[in-house]
Amino acid sequence: MHSQQTEITRRLDFIWKLQATEEKEDMEHLQAYNRKLLANILPVHVADHFLMREKNIEEIYHEQCDTVCVMFASIPNFSEFYIELEGNNEGVECLRLLNEIIVDFDELLGLERFRYVEKIKTTGSTYMAASGLTANSCDKNDFQHVFAMMDYALELFQKITDVNEHSFNNFRMRIGKWVVLCEGFKGKRVEKEVVVVTVKLLLLPGINIGPVVAGVIGTRKPQYDIWGNAVNVASRMDSTGLMDHIQVTEDVYQIVKDKGYNLTCRGTVNVKGKGTMITYLMPGLAKEPSN
């Protein structure tokens with residue numbers, strides 16, 4: 001009798017341990033899934049903060065970052081390209097092309113040489129990124145995170161060129177004319193010529209460097225963002241730039257001027273809220289800089 005009870009206890013103990021192991025594995029799989037899900041919404045270091053901490057979930061996450069390189073890259077005339085017609089599925093094909101471009105920009109960030117760069121967000125047809133947001137990605141001695149951002153901006157132009165060459169629309173927009181069938185007088189089917197204006201979509205990156213405050217706002221659909229004068233000036237570098245050129249501030253120029261980048265002084269530019277600033281321009285399709 002005693003031996004039977006001992007055997008039953010041993011078997012139950014085995015089952016309980018097996019169940020505990022399975023529950024632990026399920027919990028680890030769930031944590032990995034949650035981590036992956038959060039990493040698609042927030043930067044990895046921010047996602048880790050929310051997953052590992054034991055603080056009030058409603059507490060505002062924020063951090064001070066001293067030497068962040070900020071880039072805005074817009075396609076300023078996308079609104080001219082976006083046309084709602086039956087032939088392009090009421091504008092869906094235009095958005096499909098824009099999505100293709102943004103996905104290409106995102107995929108670049110998976111490359112080792114762009115490990116310093118973090119996507120912040122997209123607003124309409126403007127792409128925002130920053131480098132140097134963490135202790136591991138901010139190189140205050142050699143400024144590798146600044147060079148990574150400059151190279152990333154150049155690579156964006158190459159992606160646009162690739163889309164030009166392989167897209168049906170061709171980013172220099174050889175759309176020409178479309179012929180569609182429509183219902184004519186008394187229900188007769190007739191050909192109607194729809195003329196679409198030729199549009200060349202352009203890229204317009206602007207880059208600045210300086211201190212920012214980074215944080216997460218909102219509890220439902222939380223948004224990671226950065227704020228500060230450096231961000232505002234980077235946005236102005238984008239909005240006041242020249243088409244197919246990268247415009248940078250004096251601070252950025254002083255860091256990268258001896259690294260082979262093809263920068264020329266533009267002179268003084270009127271910047272909203274800042275007065276006049278000296279800026280520098282680099283052609284978007286420049287040769288790869290030498291270290």
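This briefing looks at a surface patch and at some of the salt bridges in the structure above. Please keep in mind that the model is predicted. Its salt bridges come to 5 in total, and three of them are described below. On the nonpolar side, six residues, Ile8, Leu12, Phe14, Ile15, Trp16 and Leu18, make up a surface patch.

**The nonpolar patch**
- With a relative accessible area of 55%, Trp16 counts as exposed, because exposed means over 50%.

**Lys119 and Asp106**
- These two side chains form a salt bridge, with an N to O distance of 3.2 Å.
- Lys119 belongs to strand β2 (residues 117-123) and Asp106 to helix α4 (residues 92-108), so their pairing ties together parts 13 residues apart in sequence.
- Both ends are partly exposed: Lys119 has a relative accessibility of 25%, and Asp106 has 29%.

**Glu155 and Arg113**
- Glu155 meets Arg113 in a salt bridge whose closest N and O atoms are 3.0 Å apart.
- Glu155 is part of helix α5 (residues 144-166), while Arg113 is in the loop between α4 and β2, so this pair links parts 42 residues apart in sequence.
- Glu155 is partly exposed at 21% relative accessible area, and Arg113 is partly exposed at 38%.

**Glu112 and Arg115**
- A salt bridge joins the side chains of Glu112 and Arg115 at 3.2 Å, N to O.
- Glu112 is exposed, with 56% relative accessible area, whereas Arg115 is partly exposed at 48%.

Methods: Residues numbered from 1 in each chain as written. Predicted model: local features only at pLDDT ≥ 70, side-chain atom pairs only at ≥ 80, totals over all residues. Heavy atoms only, no water. Patch = residues over 30% accessible without salt bridge, like charges linked within 9 Å, V, L, I, M, F, W, Y side chains within 5 Å. Areas by Shrake-Rupley, 256 points an atom, 1.4 Å probe, with all protein chains shown as cover. Salt bridge = Lys/Arg side-chain N within 4 Å of Asp/Glu carboxyl O. Buried < 20%, exposed > 50% of the residue type's maximum accessible area, 1.4 Å probe, protein only. Helix = DSSP H or I, 4+ residues; strand = E, 2+ residues; numbered from the N terminus.
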